[in-house]
Each structure stands twice: as C-alpha cells, then as structure tokens.
Amino acid sequence: MIWDGFRSLVAGRRSDWVLLALVAVYLVQFALLFFVPGGRIADEELHSPTVAALLAAGHPFDLPRLQYTPFCGGCTAETLLALPLFSVLGPSLAAWRLIPLAFGLAILVLSYRIVCRAEGVGAAAITGLCLVLAPPFFRECGIVAFGSHFEVLALVLAAMIPWSNLFERTRARDAFTLGLLLGLAFWFSYTSAFAAPVLLGSLFLCRWRSLMQSGGLAVLGALALGCLVGIIPLVSTQMALRSAHLVAEGSFLSVYGRDAFDLITGSPGLGARI
C-alpha cells in the first residue's frame, strides 16, 4: 500500500521530478563553470558589486548617480539584490555569484513551466535540456551578472506568465502584473524593452474583441496603471541624472547618451560627434 501510494505520488508529479532533475544539473554545471580559469569575473561586471559593497559599508544611498550606465536599471536591480547578501555574508565573489545563479534558475524554471503548460512535460523537458546543454558561450554568460544581458530573459519570461493568462481569461490582476513587468522592462534594459511591443501587440491582435467590451476596458486600465507604476524607476533615474547634468539630453531609452533611434539606424561612424 505504501509503495502504491509512492508510485501514485511520483506519477502525479512527474513534471516536478523532471524539473528537479534539470535544476540539479544546472546547479552542478554552474559550480563547474564558476571555477573555470579566466571565467571568474568580467571587467564590465565590477561596477555593480563595488556599489553594493559601498552601500553595505554606509555610502550615501544615491542609486541614480551610482548606476553603471543610464540605460542599465538591471545593474541597479542586481546591486539592490546583492546589498542584503553583502551585509550578512560580506562582500565576496561567492556572494555576488548568487545573483546570476538566481536569475539562471528563474529562467530555467519559468521556461519549463511555460512550455509544460502549453505543450506538456515532454516538450518542457526538451526545453530544459536545450538550456542546460546550450553552447558554452550562453552557459558562461549565465555566471556573469552584467544586469542587462542574460538576466533580461528572466524578466521577459516572468511577463509571459500573466500574458499567457490573459489569453485564457481577461483578469485585471494579470493585466496589472503584465503592465508592471513591461514597465520595469523599460527600466531594466533597452534589450528587455523590446518585449513590450511583442507581448502587447500579440495580445491586442488576438483579444481585441474582448478588450473592447465593458469588462475589457477595466483590464486595459489595469494594464496602463501597471505600466505607469513599472516605469517610475526609469523616469526618476533619468530625471535625477539630467538634473545633475550627468546624462545628455535625449530619449529616456538611450544607450551611452545616444538616442533610441540610433538602435534602428545603426552604429555611428568613426567621425561622428558623440
């Protein structure tokens, strides 16, 4: 009887066991990559943990001026995540590496859950294997906390949860969560901001009839409210930098002082004025 109960438990939660196995493989892989010579820390990565260490030591809490670049809110997000770790464990590379580890696990779990919900356990297992057996460059990016690279996937995948819920049932709670995450995507990095037109465009194309009804208007209002709340960090950061004359005038979505339009028209020539 006990054995039958155990078998039914395992059979009923097969997806959870598969996910746990994938998580275990990812943890082992992360630990092995962590000790690769020359792959310990990237030069561009040094700013955010340094800021977290300064804040943990009592430096004035001026996040906009301490942010790595005007467009990298993800750098500030990782600084805030590292702050309690550094306060408790002390500033160290091992403590800092817990940040990309958390983002990597979030990417794996969210990808698995989204695919499992849509296509079943088999497809979700293949998705997880594709992530843990990805080419070396992709996996090595998973141990580096840039703030605007590998971590972007976690935010976009998190936004896909309420986005997929809205295809089944238009609830204001899911709309607000989607708007909040997409608003934060504009602050997090310009790379994650591209998720907004994709997710919102596909939602409006497929659900525009229901959204135009009386209940749908409330959902649209919740979506707009979530976007307004989510974009507050971006607006406040840019306003603080501009008032301190630390960033050139231009679009809120700027990269090293260049307007977002440059992302479409291409990189500047060698003789261009910056």
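Predicted model: local features only at pLDDT ≥ 70, side-chain atom pairs only at ≥ 80, totals over all residues.
**Entry 1: the whole chain**

I began with the secondary structure. I count 15 helices in the chain and zero strands. Next I looked up burial. Of the 274 residues, 39% are buried. I then took the contacts between residues at least 6 apart in sequence. Of these, 67% join residues at least 24 apart. Last came the surface. The accessible surface of the chain is about 14900 Å². Carbon and sulfur atoms hold 70% of that surface.

**Entry 2: salt bridges**

How many salt bridges does a search of the whole structure find? The search returns three. I went through them one at a time.

I took D16 and R113 to start. Their side chains meet in a salt bridge, at 2.9 Å from N to O. D16 sits in helix 2, residues 14-34, and R113 sits in helix 6, residues 93-119. The two are 97 residues apart, and I note the pair as a link between distant parts of the chain. D16 has a relative accessible area of 28%, so I log D16 as partly exposed. R113 comes to 37%, so R113 is partly exposed too.

Then I turned to R117 and E168. The closest N and O atoms of this salt bridge are 3.1 Å apart. Why do I say that this pair ties parts of the chain together? R117 lies in helix 6 and E168 lies in helix 9, residues 152-168, so the bridge joins parts 51 residues apart in sequence. R117 is partly exposed at 41% relative accessible area. E168 reaches 61%, and I log E168 as exposed.

R171 and D174 came next. Their closest N and O atoms are 3.0 Å apart, and the pair is a salt bridge. Is D174 buried or exposed? D174 has 6% relative accessibility and buried means under 20%, so D174 counts as buried. R171 is partly exposed, with 27% relative accessible area.

**Entry 3: aromatic pairs**

I ran the search for aromatic pairs over the whole structure. It finds six. I wrote up some of them.

F86 and W96 form a tilted pair. Their centres are 6.5 Å apart, with 50 degrees between the planes. F86 is in helix 5, residues 73-89, and W96 is in helix 6. The separation is 10 residues, and the pair is noted as linking distant parts of the chain. Both F86 and W96 are buried.

F138 and F150 form an edge-to-face pair. I read 5.3 Å centre to centre and 65 degrees between the planes. F138 lies in helix 8 and F150 in the loop between helix 8 and helix 9, so the pair ties together parts 12 residues apart in sequence. At 28% relative accessible area, F138 is partly exposed. F150 is at 9% relative accessibility and counts as buried.

I also found a cluster. Ring pairs link F103, W187 and F188.

**Entry 4: helix 9**

I checked the length of helix 9. Its 17 residues, at 1.5 Å a residue, should span 24 Å. Which residues of helix 9 are buried? I list V152, A154, L155, L157, A159, P162, W163, N165 and L166.

**Entry 5: S148**

I looked up S148 in the loop between helix 8 (136-141) and helix 9. S148 has a relative accessible area of 12%, so I log S148 as buried. Its side chain makes a polar contact of 3.3 Å with the side chain of H149. Leaving out residues up to four places away in sequence, S148 touches F71, C72, S189 and T191.

**Entry 6: V18**

At 23% relative accessibility, V18 counts as partly exposed. What does V18 touch, not counting residues up to four places away in sequence? I find Y112, V121 and A125. I then checked the C-alpha atoms of V18 and A125. They are separated by 6.8 Å, although the residues are 107 apart along the chain.

Conventions. Residues numbered from 1 in each chain as written. Heavy atoms only, no water. Salt bridge = Lys/Arg side-chain N within 4 Å of Asp/Glu carboxyl O. Helix = DSSP H or I, 4+ residues; strand = E, 2+ residues; numbered from the N terminus. Buried < 20%, exposed > 50% of the residue type's maximum accessible area, 1.4 Å probe, protein only. Polar contact = N/O pair within 3.5 Å; in protein donor to acceptor, adjacent residues only side chain to side chain. Contact = heavy atoms within 4.5 Å. Phe/Tyr/Trp six-rings, centres within 6.5 Å; stacked < 30°, edge-to-face > 60°. Expected span 1.5 Å × (residues − 1). Areas by Shrake-Rupley, 256 points an atom, 1.4 Å probe, with all protein chains shown as cover.
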